[in-house]
Amino acid sequence: MTKTPTSRVDKLLGSMGYGSRTEIARLGKVGGIVLDGADLTDVSQRIAVTPDLSKRMEIDGEALDPVPGLVMMLNKPLGMTCSRKEDGALVYDVLPDRWRRRDPAISTIGRLDKQTSGLLLLTDDGDLLHRVISPKKHVAKVYRATLARPLAGTEGDLFAAGGLVLEGEDKPLAPASLEVISPTEARLTVTEGRYHMVRRMFAAVGNHVEALHRERMGGLVLPDDLAPGEWRLLDAAQIDLIFAAEPIAR
Ligand code: URA
């Protein structure tokens, strides 16, 4: 059994972006921190850091933010970037301001291009991040692609065979599966996470991706009721789902 982590209250709140230790001590003194309905004035006390803390603790009359170890899904809108190196609004801009000051910081699990929409996971849990992106875990990523030209009909077999080498690379691609939805629409399932991978796969067969949307990661599906720009925390069962689906047969 894993031991429940504990932390001093001032250290925990500081790491969650609520202010410096001095500011948090002051907040405790004026009744701004409430735990289980009672004022918590001694911020040097240690408490168990469990996910239910955000239901039990209030800061300035508002529920505590989720404690470290959070995982969330965002329906990434078109035009937002995952990288500070690119121009434009960042996916992190949809989160509350205070969350930018969290340590450990929240980062995206892999990336979607600026012009790709759909399921994007974010976390402050480095181990989980590495497990999801690890090639050994074969987490399936399912994309719906709208194409500029009709499919030739041979793409599915070519992708399924594996071995396609993308321009500028030496390492062949792992097998991927293609489901044709219409002559110019397809669902592509890949287990790797290479740069602009789906767009480059279709470019390799003489086509061009006009719109790209990620629908699923592993067994976790982007819900219909999560609008572009909206995000939601994942519970333990949803996190397990990421690793649940069968990898592509090879
Ligand atoms: N493949 C792409 O080309 N773009 C993405 O954003 C994700 C996969």
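**Note on the predicted model: backbone, domains and ligand site**

1. The loop between strand 2 (33-35) and strand 3 (38-39) contains D36. The structure under review is a predicted model. D36 deserves a reader's attention for its backbone: its phi is near 50°, a positive value in a residue other than glycine. As background, most residues other than glycine have a negative phi.

2. D60 belongs to the loop between strand 5 (57-59) and strand 6 (62-63).

3. The next backbone point concerns a proline. The peptide bond from D103 to P104 is cis, and its omega is near 5°. Most peptide bonds are trans. P104 is placed in the loop that runs between strand 7 (71-76) and strand 8 (107-108).

4. On the overall layout, the domain assignment gives two entries: domain 1 covers residues 6-63, and domain 2 covers residues 140-217. The C-alpha centres of domain 1 and domain 2 are 48 Å apart.

5. Where does the ligand sit? Its place is in the second largest pocket. The residues that surround the ligand are L112, D113, T116, Y143, H196, M197, V198, R199 and L212. By residue class, this shell divides into 5 nonpolar, 2 polar and 2 charged residues.

6. Which helix gives the most to the shell around the ligand? Helix 6, made up of residues 197-204, gives the most, with 3 residues. The surrounding residues M197, V198 and R199 fall within the range 197-204 of helix 6.

7. For D113, a backbone N or O atom lies 2.8 Å from an oxygen atom of the ligand. For H196, a backbone N or O atom is also involved, at 3.2 Å from a ligand oxygen atom. T116 contributes through its side chain, with a polar atom 3.1 Å from an oxygen atom of the ligand. The cover over the ligand can be stated as well: on its own the ligand has 240 Å² of accessible area, and the protein covers 96% of it.

How values were computed
Residues are numbered from 1 along each chain as its sequence is written. This is a predicted model: local features need pLDDT of at least 70, side-chain atom pairs count only at pLDDT 80 or more; totals for chains, interfaces and linings use all residues. Side-chain values use heavy atoms; hydrogens and water are left out. A residue is near a molecule or strand if one of its heavy atoms lies within 4 Å of it. A polar contact is a pair of N or O atoms within 3.5 Å; within protein, one must be able to donate a hydrogen and the other to accept it, and residues adjacent in sequence count only if both atoms are side-chain atoms. Accessible areas come from the Shrake-Rupley method with a 1.4 Å probe; for residues, only the protein chains shown count as cover. On a 1 Å grid over the protein atoms alone, a cavity is a set of points where a 1.4 Å probe fits but cannot get out, and a pocket is an open set with protein on both sides within 12 Å along at least five of seven lines; lining residues have an atom within 4 Å of a point. A molecule sits in a cavity or pocket if more than half of its atoms lie within 2 Å of its grid points. Helices (H or I, at least four residues) and strands (E, at least two) are DSSP runs, numbered from the N terminus. Ala, Val, Leu, Ile, Met, Phe, Trp, Tyr, Cys and Pro count as nonpolar, Asp, Glu, Lys and Arg as charged, and the others, Gly among them, as polar. Domain bounds come from an automatic or database domain assignment.
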